[in-house]
Amino acid sequence: MSGDILIDIQGVAKHFGTAETRVDALRSVDLQVKTGEVIALLGPSGSGKTTLLNIIGCILAPSAGRLVLNGEPVFDGTWLRRDLRRLRLDKIGFIFQAHNLLPFLTAEENVSLVLELAGHPREEARERALALLDYLEVGHRAPVKPAHLSGGEAQRIAIARALANRPRIILADEPTAALDSKRAQLVMDLLRKLAAEQDACIVTVTHDEKIFDRFDRLIHLRDGRLAETRER
Ligand SMILES: Nc1ncnc2c1ncn2[C@@H]1O[C@H](COP(=O)(O)OP(=O)(O)OP(=O)(O)O)[C@@H](O)[C@H]1O
């Protein structure tokens, strides 16, 4: 399926505030991301990176434009799906800098919770969670709570959670900011492998220069516009 367009953004704009306080966070952005691609969104503070990631993740509605995810039109001037929570659960995996694992659940429970929310029975969810943790080489940490995990382990568990429902669109916000250079590169290598093996794409907001060589494309935002794209 290589070459499929998983994210198709056309003319997307986003403004915040009222007429007097208006901020144009995005101005007519066009972007296509294909199966297997791993791309970085770069740009100075306030350039619109998080806004764009949140629009792709269907967390934020654009002010104008069109968004097609995995071939399905989801926004065209208005949301085309009413059940946005279900859409996010089915299509999108999120990985955040502060991995946001729930502190009172074990590593395995943090991953299987997402599957149970999507309707899988507890035992099936547990088996898939354990298989994913093994695949990410943190299976031995399954019974451990987040406070006892290292930064790199916690980030792998957050990646397992993002992948639990086999999303083809994976969005990451500064996923390596808390890691040293070696671990940051290992996490990015892992994400590249996952994108290739699972016919997925990955869009990452990052400032982390030590991982720039791990991306297929570096996309620069400036004042809410795509300023420059560099292919690797
Ligand atoms: N909810 C909001 N209400 C008002 N303005 C907002 C809101 N969210 C973002 N903005 C504004 O939109 C612009 C783009 O913000 P955004 O968070 O997307 O930038 P960014 O590139 O991710 O910045 P950073 O690197 O600092 O996280 C900024 O001027 C910001 O102040």
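Predicted model: local features only at pLDDT ≥ 70, side-chain atom pairs only at ≥ 80, totals over all residues.

Q: Why is valine 29 called buried?
A: A residue is buried if 20 or more other C-beta atoms lie within 10 Å of its own, exposed if 12 or fewer, and partly exposed in between, with C-beta atoms placed from the backbone. Valine 29 has 22 C-beta neighbours inside 10 Å and therefore counts as buried.

Q: Which residues does valine 29 touch, not counting residues up to four places away in sequence?
A: Two residues are in contact if their C-beta atoms, placed from the backbone, lie within 7 Å. With that exclusion, valine 29 touches Ile9, Val12, Leu52, Arg225 and Leu226. By contrast, the C-alpha atoms of valine 29 and alanine 195, 166 residues apart along the chain, are separated by 24 Å.

Q: Why is asparagine 110 called buried?
A: Asparagine 110, found in helix 3, has 26 other C-beta atoms within 10 Å, and so it is buried. Asparagine 110 touches Leu101, Leu102, Leu105, Ile157 and Arg161, leaving aside residues up to four places away in sequence. Asparagine 110 and lysine 145 are 35 residues apart in sequence and 9.1 Å apart in space, C-alpha to C-alpha.

Q: What makes asparagine 70 and arginine 166 partly exposed?
A: Asparagine 70 has 19 C-beta neighbours inside 10 Å and therefore counts as partly exposed. Arginine 166 has 13 other C-beta atoms within 10 Å, so it is also partly exposed. Asparagine 70 is in the loop between strand 4 (64-69) and strand 5 (72-76), and arginine 166 is in the loop between helix 5 and strand 7 (169-173). Phi is near 50 degrees in asparagine 70, a positive value in a residue other than glycine; for arginine 166, phi is likewise positive and near 50 degrees.

Q: How do you know that the buried residues of helix 6 line one face of the helix?
A: The buried residues of helix 6 are Ala184, Val187, Met188 and Leu191. Seen down the helix axis, they fall within an arc of 95 degrees, so they line one face of helix 6; the arc is that of the directions from the helix axis to the C-beta atoms. An α-helix has 3.6 residues a turn, so residues three or four places apart point the same way. The buried residues of helix 6 pack against strand 3 (38-42), helix 5 (151-163) and strand 8 (201-205). The face turned away from the buried side of helix 6 carries the exposed residues Lys182, Asp189, Lys193 and Glu197.

Q: What span is expected of helix 6 (residues 181-197), and what span does it reach?
A: The expected span of a helix is 1.5 Å times one less than its number of residues. Helix 6 has 17 residues and reaches 24 Å from its first C-alpha to its last, close to the 24 Å expected. Aspartate 199, which follows helix 6, has a positive phi near 50 degrees.

Q: What makes the buried residues of helix 4 a single face?
A: In helix 4, Ala125, Arg128, Ala129, Leu132 and Leu133 are buried. Their arc, seen down the axis of helix 4, is 135 degrees, so they line one face of the helix. Helix 3 (107-117) and helix 5 are among what covers these residues. Exposed residues Glu123 and Glu124 lie on the face of helix 4 turned away from its buried side.

Q: How do you know that the radius of gyration of the protein chain agrees with that of a compact globule?
A: The radius of gyration is taken over C-alpha atoms, and the globule rule is 2.2 Å times the number of residues to the power 0.38. For 232 residues the rule gives a value near 17 Å; the protein chain has 18 Å, which agrees. Of the 232 residues, 40% count as buried.

Key: Residues numbered from 1 in each chain as written. Helix = DSSP H or I, 4+ residues; strand = E, 2+ residues; numbered from the N terminus.
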